[in-house]
Protein chains: 2
Amino acid sequence: MLLASARNKHMINFQTSPDQYKHWKLSVEGPVAKLSMDVQEDETLADGYKLKLNSYDLGVDIELADAIQRIRFEHPEVRAVVITSLKPRIFCAGANIYMLGTSSHAFKVNFCKFTNETRCAIEDDSQHSGRRYVAALNGTASGGGYELAIACDEIYLVDDGNSAVSLPEVPLLGVLPGTGGLTRLVDKRKVRRDRADVFSTLAEGLKGKRAKEWGVIDGTFPTSKFQEAIDERVLEVTQTVSLRNLDNPDELKEQSPQTNSLRYEGVRLNPLQLNSNDDSREYKYVSLKFHRDKRYVDLTMRGPEADLPNSPDEIHKLGDTFWPLQAYRELDDALLHLRVNEPEIGLVCIRTEGNLDDVLAVDRILAANRDHWLIREITLLMARTLRRLDLTAKSFFAIVEPGSCFAGNLLELLLAADRSYMLNNPDEKIEIAFSELNGGAFPMSNGLTRLQSRFLSEPQRVNEVLANQGGFDTEAADAAGLITFAPDDLDWEDEIRVAIEERTSLSPDALTGMEASLRFAGPETMDTKIYGRLTAWQNWIFQRPNAVGPNGALTNYGKPTQAKFDFRRT
Amino acid sequence: MLLASARNKHMINFQTSPDQYKHWKLSVEGPVAKLSMDVQEDETLADGYKLKLNSYDLGVDIELADAIQRIRFEHPEVRAVVITSLKPRIFCAGANIYMLGTSSHAFKVNFCKFTNETRCAIEDDSQHSGRRYVAALNGTASGGGYELAIACDEIYLVDDGNSAVSLPEVPLLGVLPGTGGLTRLVDKRKVRRDRADVFSTLAEGLKGKRAKEWGVIDGTFPTSKFQEAIDERVLEVTQTVSLRNLDNPDELKEQSPQTNSLRYEGVRLNPLQLNSNDDSREYKYVSLKFHRDKRYVDLTMRGPEADLPNSPDEIHKLGDTFWPLQAYRELDDALLHLRVNEPEIGLVCIRTEGNLDDVLAVDRILAANRDHWLIREITLLMARTLRRLDLTAKSFFAIVEPGSCFAGNLLELLLAADRSYMLNNPDEKIEIAFSELNGGAFPMSNGLTRLQSRFLSEPQRVNEVLANQGGFDTEAADAAGLITFAPDDLDWEDEIRVAIEERTSLSPDALTGMEASLRFAGPETMDTKIYGRLTAWQNWIFQRPNAVGPNGALTNYGKPTQAKFDFRRT
């Protein structure tokens, strides 16, 4: 990776791999992966704090996100993931308070968003791939430590007379547990709301017996038997849990013997190659071109080459160079880069380049082989990346021009955009097209497809446009309600230029709130509650003087001075 | 009304009546009520701004809320409510910007919450009573003006070549439309999200034809025919719309002839009588006792007297002195008072006094006569008041002691509380009890009953406890999961005292965000999205320097100076 320029020196890099981990140990034995937290105090992402007691900063969570992704691709045979700690008597103390206290508001917000996405990725693996996550709390799990545990399927706490689970943010720090804790308490574990109220205001938290009784953990074992009990439970899990599309004999029958032999062989995720300088960031299939003075970036995704694989075996051989896997890993990295390293870029103009039919061909391969574990994991990664885009606090305009390939999975980029502009020029071939995958493979956080979200008022249109076998030219796309504007070639450049100028002149905060409200019409899920309701409240609190002012609780945590609140309720 | 003390002088009074209105004219002719906005510039609630162009402050909205409530109780024969303006070429310019610019953060938040509740009350009337609201936009409706229109069932805009509907908050003010506009655009009117994006960033808004095409209005008529067309549409509405429980012949058959003769006779809502001083606020059935040094208040609701009416006719004669109507109107006023006039009070300890059986008897009468329009309106008002409590940014503890009457409708107070404490003393008779009404008459904003929200993890418990014919003593209530804590009489006083002290020592902002997250587990609705997602984002933006800092858009609106944004996206 080239990080040549001065600008790049202080950028946060989201790529890592197990041999580079500083804070986690990943070990895989047969069907069990063990993720052990052993945070190195001094290996921080910034200066000014130490990561004591397995507390974490963004660097720690980048490793966790990487490890979960790798388990899914590199170790498909894993049925149970145990998350535990190598520190005695402490599982994890949550996000580092001093890091939060010294971070900018924007960084805090982005930090919480990424950690939320990592926890949702754990639940995505559990829900869609059937892998079971076991939190083995060998010591106290407080704040974000408990929030990591509650993202797992099962939580076991050592009963050593001392260890507890807790969400001490409200009583100790004057902020909310920022990583989904409150929502998961009442919506996932369905803890009674009055008990959740007590638990979330109790700095010392709850120990084994009461924690189990109230439903905040699943079980507790004495110190001497803890490891044994966890091992026993994990053995049970590996014997009873079915991995989706790996364990179903009917599905296996239909696959070739060769596929069967490959079914436990993972695919290695190699580092992404990219070239970057002040003005651009170039991956193989994704490029970012910055217009810094105008505060926007062109994000171009290139479609696949024509020589596409035809079978799961061929795809397996291609591994991480198979177009959808590589292209969406690159897109994911680009989005994270834009969020954290490019705060002044307010607008992303999404373009595509390539052959419409080749993109549709990829989708046909993915759809035809959806029962193969690797195809499933690739499709789920694409879906997560698209959700990451939905949740990115930047405006997105899709720009459809000659040579573009907004089809199938890439059409989701257009449907995810806040607006789309499609050139209306009868002399050029400009089309968009649907594939089977637009019908359900890439759900938004609200559980709907982007097409369903678009046509809430006319749900019958969803199947109408999906049934269209050919592409939609500009006028057809406009008539079908698939695009926002269809300027002709006389107006095209001016209209795009003015739209960009207008958008980037608006208050970035108002846009963030507006987009968060308009993008998620329709039903809400635990995920949208976490990113909408909980996050919005947390962001509000993260600005309040009672948290971050000179007398605020976050500011004064761990200092000899005491927080002093303005007690007026808002 | 006595507002004797110095403290009371600057308090906001939520009681009014048509003869006191300054900004609205309410006229009723047969089945049509007309609510005409004619805001008096100088009749403001505070100094420093003028209410030009039918812009509004809280005082204007208090009158609107009163008018809607009165139509329901005093004019049950009304089938269509027309909301229009008496100002030429302007319907309503929304919340007054200078008022917002000079208001404290807390006031802005409470102002928006109240205006949201008023718009939800319009929708509540439409949904549950069948009355149809027609927004007759005789001129431009911008910002909160359009948000008032979008709360109505139908929106018609004059086509005079100039008048438009718009949500200019994002482009002009750097804040969100704060009264549900964004949510109602995509969730109620199901406007396509890309069009909603364009509409919400277009300062000048949309005029008739495109507004209709995009679904933001229902129709447009030229100036010369506007009044006629509205009259025609309203006539249609009155001929086709069925008022619930007034128009169903089957239901009418079951009622006595006398009931029939009364069915169009309204019930007058007289001013609430109360005595207040620095330490207390006493209504007939509700009292507030302030513990200012400890930042909490005791709110006591007294149950009904024993001589209860037995028939709708008797209830009709009692009118607004019928216990549930009077008691819940008083509770509603007390809650509004606490929100706006008592910001430093962080905790409300809810107590009840009276006879359990009498409360249950009231509920039996309400349940038996649910088909009568007055009973329906009373029950819906109780439900709205309880939702107002759910949405109040204060902590609530329910305290169950000897002499209390947490039964039926009053048990909702306990279920709405963040926690409950019930004295465990076998020597005293202390019980709580359910009525039929706990099974569905008082839904929360999330559409669930408070009992369903409580038992999300064990839904079968809902019917189990509802089926219990007798009351629950403390141990039974504890075993059934109905209360949080059951201290015995030795611990009682200390435990309550410590709980109060602990609660009021916590960050008021963190508590607001925590309670907003824990109170609304389960499904989300348009209402919860407005109060949760949209409001939380708006509150965040209302604090951002880009809105309210010296260079902020709200601060600089209407001044020769220009807003200057920090363009970093968060």
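A residue counts as buried when its relative accessible area is under 20%. By that rule, A:Arg193 and B:Asp418 are both buried. Keep in mind that you're looking at a predicted model.

**Where the two chains meet**

- Chain B puts 84 residues in contact with 84 residues of chain A.
- Together the chains bury about 8,200 Å² between them, and carbon and sulfur atoms give 58% of that.
- Three arginines stand out here: B:Arg193, B:Arg533 and B:Arg569 supply 13% of the area that chain B buries against chain A, more than any other three residues.
- The interface of chain B and chain A has 16 salt bridges, and 56 residue pairs are in polar contact between these chains.
- Which parts of chain B do the touching? Elements giving two or more residues include helix 4 (105-129), helix 8 (193-199), helix 21 (492-505) and helix 22 (508-518) of chain B.

**Salt bridges from chain to chain**

- Take A:Arg193 again: this residue forms a salt bridge with B:Asp418, with the closest N and O atoms 3.3 Å apart.
- That pair crosses between chains, running from helix 8 (residues 193-199) of chain A to the loop between helix 17 and strand 18 (419-422) of chain B.
- Another bridge joins B:Asp197 to A:Arg503, where the closest N and O atoms are 2.7 Å apart.

**Salt bridges inside chain A**

- Over all chains, the structure holds 104 salt bridges.
- One of them brings together the side chains of A:Asp38 and A:Lys87, at 2.7 Å from N to O.
- A:Asp38 is in the loop between strand 2 (32-37) and strand 3 (55-56) of chain A, while A:Lys87 is in the loop between strand 4 (80-85) and strand 5 (89-92) of chain A, so this bridge ties together parts that are 49 residues apart in sequence.
- Both A:Asp38 and A:Lys87 are buried.
- A:Glu515 and A:Arg519 also meet in a salt bridge, at 3.4 Å from N to O, and both of these residues are buried.
- Some bridges share partners: A:Arg72, A:Asp124, A:Asp125, A:Arg131, A:Arg376, A:Glu377, A:Arg384 and A:Arg387 are joined into one network this way.

**Aromatic rings**

- Across all chains there are 28 aromatic pairs.
- Why is the pair B:Phe434 and B:Phe472 called edge-to-face? Their ring centres are 5.8 Å apart and their planes sit at 80°, and an angle over 60 degrees counts as edge-to-face.
- These two phenylalanines are 38 residues apart: B:Phe434 is in the loop between strand 19 (431-432) and helix 18 (450-454) of chain B, and B:Phe472 is in strand 20 (residues 472-473) of chain B.
- B:Phe434 is buried at 8% relative accessibility, and B:Phe472 is buried at 5%.
- B:Trp537 and B:Trp540 make an edge-to-face pair too, with centres 5.5 Å apart and planes at 80°.
- Those tryptophans both lie in helix 23 (residues 526-541) of chain B, three residues apart, which is about one turn of the helix.
- Over in chain A, ring pairs link A:Tyr56, A:Phe107 and A:Phe111 into a cluster.
- A:Lys108 lies over the face of A:Phe542, at 5.5 Å from the ring centre.

**Residues with a positive phi**

- Most residues other than glycine have a negative phi, so here are two to look up.
- A:Arg295 has a positive phi, near 60°. You'll find A:Arg295 in the loop between strand 14 (286-291) and strand 15 (296-302) of chain A.
- A:Arg295 is buried, with a relative accessible area of 19%, and this residue lies over the face of B:Phe567, at 3.4 Å from the ring centre.
- B:Leu53 also has a positive phi, about 55°, and sits in the loop between strand 2 and strand 3 of chain B.
- Is B:Leu53 buried or exposed? At 52% relative accessibility, B:Leu53 counts as exposed.

- B:Asp332 lies in helix 14 (residues 323-341) of chain B and is buried, at 13% relative accessible area.
- Leaving out residues up to four places away in sequence, B:Asp332 touches B:Thr385 and B:Arg388.
- B:Glu43 is in the loop between strand 2 (32-37) and strand 3 (55-56) of chain B, and counts as partly exposed at 38% relative accessibility.

Methods: Residues are numbered from 1 along each chain as its sequence is written. Chains are lettered from A and ligands numbered from 1 in the order in which they are written. This is a predicted model: local features need pLDDT of at least 70, side-chain atom pairs count only at pLDDT 80 or more; totals for chains, interfaces and linings use all residues. Side-chain values use heavy atoms; hydrogens and water are left out. Rings of Phe, Tyr and Trp (its six-membered ring) pair if their centres lie within 6.5 Å; planes under 30 degrees apart count as stacked, over 60 as edge-to-face and the rest as tilted. Helices (H or I, at least four residues) and strands (E, at least two) are DSSP runs, numbered from the N terminus. Buried means under 20% relative accessible area, exposed over 50%, partly exposed in between (1.4 Å probe, protein chains only). A charge sits over a ring if NZ of Lys or CZ of Arg is within 6 Å of the ring centre and within 35 degrees of the ring normal. Contact means heavy atoms within 4.5 Å. Buried area is the accessible area (1.4 Å probe) that two parts lose on being put together, summed over both. A salt bridge is a side-chain nitrogen of Lys or Arg within 4 Å of a carboxyl oxygen of Asp or Glu. A polar contact is a pair of N or O atoms within 3.5 Å; within protein, one must be able to donate a hydrogen and the other to accept it, and residues adjacent in sequence count only if both atoms are side-chain atoms.
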